[in-house]
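Here is a short briefing on one protein model. Look over the sequence and the fold before reading on.

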Amino acid sequence: MNIEARKISFIQEFLKIQNEDIINSLEQILKKRKLESYDENLKPMSTEQLNSEIDKAMEDSKNGRMTKASELKAKYK
């Protein structure tokens with residue numbers, strides 16, 4: 001059974017669950033595993049990469065390619 005078929009099968013079984021404790025447990029497992037996966041894939045930036053990002057940001061600032069925080073706040077209010 002491929003991953004897509006397994007996901008569909010899991011969802012079908014999940015939808016049949018009537019016990020809230022089981023659903024809570026599955027939610028906790030999902031959150032925990034997603035965090036673990038994120039942490040495993042998190043890699044620190046090299047000094048060269050950091051300096052490159054800073055240079056790009058400074059160049060963007062000089063050329064007016066920025067958005068003010070107040071504009072972002074207003075946009076998402």
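Buried means under 20% relative accessible area, exposed means over 50%, and partly exposed covers what lies in between (1.4 Å probe, protein chains only). By that cut-off, 1% of the 77 residues of the protein count as buried. This is a predicted model: local features need pLDDT of at least 70, side-chain atom pairs count only at pLDDT 80 or more, and totals for chains, interfaces and linings use all residues. Residues are numbered from 1 along each chain as its sequence is written, and side-chain values use heavy atoms, with hydrogens and water left out.

**Fold and dimensions**

- The protein has four helices and zero strands. Both kinds of element are DSSP runs, numbered from the N terminus (helices: H or I, at least four residues; strands: E, at least two).
- Read from the N terminus, the order of elements is α-α-α-α.
- The radius of gyration is 22 Å, well over the 11 Å that the globule rule gives for 77 residues, so the protein is more spread out than a compact globule. The radius is taken over C-alpha atoms, and the rule is 2.2 Å times the number of residues to the power 0.38.
- The C-alpha trace spans about 60 × 35 × 25 Å along its principal axes.

**Surface and charge**

- The accessible surface of the protein is about 7700 Å². Carbon and sulfur atoms hold 56% of that surface. Areas come from the Shrake-Rupley method with a 1.4 Å probe; for residues, only the protein chains shown count as cover.
- There are 15 positive and 14 negative side chains. Lys and Arg count as positive, Asp and Glu as negative; His and the chain ends are not counted.
- The centres of the two charge sets lie 4 Å apart. Each charge is placed at NZ of Lys, CZ of Arg, CG of Asp or CD of Glu.

**Salt bridges**

- Side chains of opposite charge can pair when their charged atoms come close. The cut-off here is a side-chain nitrogen of Lys or Arg within 4 Å of a carboxyl oxygen of Asp or Glu.
- A search of the whole structure finds six salt bridges.
- In helix 1, lysine 16 and glutamate 13 are three residues apart, about one turn of the helix. They form a salt bridge, with the closest N and O atoms 3.4 Å apart. Lysine 16 is exposed at 57% relative accessibility, while glutamate 13 is partly exposed at 45%.
- Helix 2 (residues 20–41) holds lysine 32 and glutamate 36, four residues apart. Their salt bridge has its closest N and O atoms 3.9 Å apart.
- Arginine 33 also lies in helix 2, three residues from glutamate 36. Its bridge to glutamate 36 has closest N and O atoms 2.5 Å apart.
- Lysine 32 is exposed, with a relative accessible area of 52%. Glutamate 36 is partly exposed at 28%.

**Aromatic pair**

- Rings of Phe, Tyr and Trp (its six-membered ring) pair if their centres lie within 6.5 Å; planes under 30 degrees apart count as stacked, over 60 as edge-to-face and the rest as tilted.
- By this rule there is one aromatic pair. Phenylalanine 10 and phenylalanine 14 are stacked, 6.4 Å centre to centre with 20° between the planes.
- The two residues are four apart in helix 1 (residues 3–16), a separation of about one helical turn.
- Phenylalanine 10 is partly exposed at 48% relative accessible area. Phenylalanine 14 is partly exposed at 30%.

**Glutamate 53**

- Glutamate 53 sits in helix 3 (residues 47–62). Its relative accessibility is 43%, so glutamate 53 counts as partly exposed.
- Glutamate 53 and lysine 73 are 20 residues apart in sequence. In space they are 24 Å apart, C-alpha to C-alpha.
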